[in-house]
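Here are a few worked exercises on side-chain contacts. Have a look at the sequence and the model, then try each task before reading its solution.

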Amino acid sequence: MTIRFEVNVNYDHLEIEKKVDANRAGKNEFYCEIENKSKKKFYSLAMFPYPSGNAHMGHVLVYTLSDIKARFKKLKDYEVLHPMGWDAFGLPAENAAIKNKVRPDLWTGANIKKMKDDQLNRTGWSFDWDKELNTCSPDYYKWTQWLFLEMLKAGKAYKKAGYVNWCPEDQTVLANEQVIAGHCYRDGAVVEKKLMDQWFFRITDYAPQLWDDLAKLGNWASEAVAVQRNWINKNTGTNIDFTVPAFNENVRVFTTRADTLFGVTAVVLAPEHPLTAKILEKSQDAKVQSYVEASLKKSQVERLQSKDKTGVKTAYKCRHPFAESCAIKEVDIWIGDYVIGDYGTGAVMCVPAHDSRDYEFAKSFGLPVVQVVTPTGAAEMPKDDAFTDHGTLINSGEFDGLSSSQAIKKISAKLIAKNLGEETTTYQLRDWSVGRQRFWGCPIPIIYCDKCGTVPVAEKDLPVLLPNASDSDMKDGVISLKRFDSFVNTQCPTCGNAATRETDTLDTFLCSSWYAFRYLDNKNSEKIFDSKRVNHWMPIDFYVGGLEHAAQHMIYFRFITKFLKDRGYINFDEPVDHFFANGMIRKDGAKMSKSKGNVVVPTDVVETYGGDAVRLYILSDTPAELDRDWDDKGIKAKQDFIKKNFNVLSAYLESKRDVQEKKLSLDKYQDQNFLFDFYITLNEYEQTLENNLFNSAVAKVHALSNIFLKQIANTQNLNTESEQILKYLIKDYLISMGVFLPFTSEILLKEFYDEKISVYNNTWPEIPQKYLERSTISIAVQINGKKRAVIELAKDCSESVALETAFTNSDVIKHTQGLQILKKIYVAGKIINIVVKG
Ligand code: ANZ
Ligand code: ZN
């Protein structure tokens, strides 16, 4: 036999990887036949990367996870899709363009090439590059634009005034990431909030469905579902009207605790509330004026997180809806920025005794605290805080003595009867602001005409192409589509008059909210995708990504799916069956970051330890859902393990080149025990992979290797048939190991079995039922307290048979011959104890 790959019997990962890659070049081994309906499908997907130019350890973890799953399912005879693409629009490219004076498209393209060649293809990831997509390429963003137009047609895209971050120095809009502690990242100017017309998607129309369908996400990481629940946050409550005599109108508050109505000591309006503006106009109060202006400059996050509640009292009061029976007849109207403008009604009834935020607010301004709910049972009234639990009503007139939940119903009913309230459902979810005042994004396909107004670009005219930015376009450090006259100036598609294009681009979260569909039909120039394909392949069977995407990306992805279903393009309403949320890779207990100087670079470790070791190490010991600490010793140990496994196997197989592997009857194999060991462990390995217990799977890889290495060490007396069977079993073993160790397995299979063999396009070994449960057990025989032998017994063996068998064992005979036997007992299933005199 010729040595086909010239395997160096000493493990050298670089040489092995080079050979495996060379052999693979030019073939798309991982090609998925989308139209293949003869097999069950498996869609394994990891969130696609931003082409920053440098893969980091987080990428290594997610792509190894989706890859292990893909390879395993492929062996289990599924048609597997494991695609890869680029989330290429966004701020970093724009910033790099400004800093380095390179065009963002060129910068992005170079990074993609670098990541693909140097990084993604070196870790043994089975990506089907035929399905590659890139969100900044016109044949992709054409369909992002189409999706926008679909939203518009359905009445789900609209323009309204929204607050943006405004740098007064640059006279430009800043992204949230460009605002550092309230200041512009470039010139340090204090960032202001400015009202500008912006595009929104009506995701709130889908809030009830997004909420109800959380029940369908049984296979999601539970933390991710919790994040979604929090984000959508459905609440049932009561809207209550307080009349404001000075304005002859009502201010409506939203509360979940109508039972606390008798404890109201103020009504607080959000600075954005319409009545705030009216109050400002009527009172001309400078203090109120400056407070409102200052509040509007703060971001929502800042407002919610600030520890001290701020506010200002206005000159106006409103009437309590139960003034006739409540001790409190009227309360002051305040403005406070802890009240959010677009949640509930943008106004709250302030109940300091029972709401913590109201309590802090009341403390800051000396408002009265009136207790109206008293703890029931063992609960106690907290000392310096609100009592926020349900309890029993006091100080509430006719409602005294009711439980909170009874009181909520009764008080609501009375308010409704008086026409001063209604029961409501609210969601915290806000409409999705999709416009960005940035250059490097997907242009919004809208034209503004003086005569015709807002005119959507016709579908046949898509894509609206981004202009090519040249160096001079970036000279002042700001690029906006507004600068490109040739882009801005156009003709109205309706009347033909001169018109201008929308210069906002779309949020990159829109690009990533439909990419999983496009992988299934990435070359379609007629349609966004073929519905039949998508209906067959979705939902995604296994989706891997960080919990940091559990809110925005996963909500938008679910929303777009529901929208496409309503429009008749697909027939399912949840995009992801199983969402696997991976943990973080840390170093010395801290997040890896450039500033801490603790970054472990994937290319370096692949170079030093090899792709197989990286794959095995990154999933070992700790469940992949949890954070793990990177440890150089740990990966070195994995490399040593792989090396030993490789060296022993290759030396053995080298010496048995002339043996032809054969799938003979396993009964013929001389060491039946080995077969039990192998198949029982292989079966456990399979279960761990099926159930995503990846660290346990790594442990099984080690266990299997031990079983084979031990067997190889004991092969001196194997007859020819057993040797043929063993060689066959080693092949099966290598195929199953290929899930974690594609390079080592592939090279050994090619070298010693068949040069055309692939560790990917192959079949998981068949596991004979017979070898899954041992009918015998190994029992130690102790003589005078010393272990002298191990014998095989039938599981249900009687004591007399057990002892009889023991005395046929040569070691037992040796240690008892000629001696008086004082005692012999069999502890069933455990041990045989023999006591002799002498
Ligand atoms: C009075 C009250 C008394 C409240 C009490 C709570 C406890 P969740 O559960 O998060 O939805 N609220 C209503 N609108 C608000 C807004 N725009 N900005 C800030 N807070 C607002 O919160 C519902 C509760 O949050 C409402 O019930 C209201 O305070 C407050 F013992 O009303 B509650
Ligand atoms: Zn027109």
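## Exercise 1: A ring pair

Phe89 is buried, at a relative accessible area of 2%, where buried means under 20% relative accessible area, exposed over 50% and partly exposed in between (1.4 Å probe, protein chains only). This is a predicted model, in which local features need pLDDT of at least 70, side-chain atom pairs count only at pLDDT 80 or more, and totals for chains, interfaces and linings use all residues. Residues are numbered from 1 along each chain as its sequence is written, chains are lettered from A and ligands numbered from 1 in the order in which they are written, and side-chain values use heavy atoms, with hydrogens and water left out.

**Task.** Describe the geometry of the aromatic pair that Phe89 and Trp440 form.

**Solution.** 
- Start with the rule: rings of Phe, Tyr and Trp (its six-membered ring) pair if their centres lie within 6.5 Å; planes under 30 degrees apart count as stacked, over 60 as edge-to-face and the rest as tilted.
- The count by this rule is 54 aromatic pairs.
- For Phe89 and Trp440, the centres are 5.0 Å apart and the planes are at 75°, an edge-to-face pair.

## Exercise 2: Charges over rings

**Task.** Which ring lies under the charged end of Arg628?

**Solution.** 
- The criterion is that NZ of Lys or CZ of Arg is within 6 Å of the ring centre and within 35 degrees of the ring normal.
- Arg628 sits over the ring of Tyr617, 4.7 Å from its centre.
- Arg202 lies over the face of Tyr158, at 4.0 Å from the ring centre.

## Exercise 3: Salt bridges

**Solution.** 
- A salt bridge is a side-chain nitrogen of Lys or Arg within 4 Å of a carboxyl oxygen of Asp or Glu, and the whole structure holds 57 salt bridges.
- Glu35 and Arg533 meet at 3.0 Å, N to O.
- Glu35 lies in the loop between α1 and β1 (41-46) and Arg533 in helix α16 (residues 531-537), so the bridge joins parts that are 498 residues apart in sequence.
- Glu35 is partly exposed, at 42% relative accessibility.
- For comparison, the Glu17–Arg122 bridge has an N to O distance of 3.8 Å; Glu17 is in helix α1 (residues 13-24) and Arg122 in the loop between α4 (104-119) and β4 (133-134), 105 residues apart.
- Here Glu17 is buried at 4%, whereas Arg122 is partly exposed at 22%.

Definitions and conventions
Helices (H or I, at least four residues) and strands (E, at least two) are DSSP runs, numbered from the N terminus.
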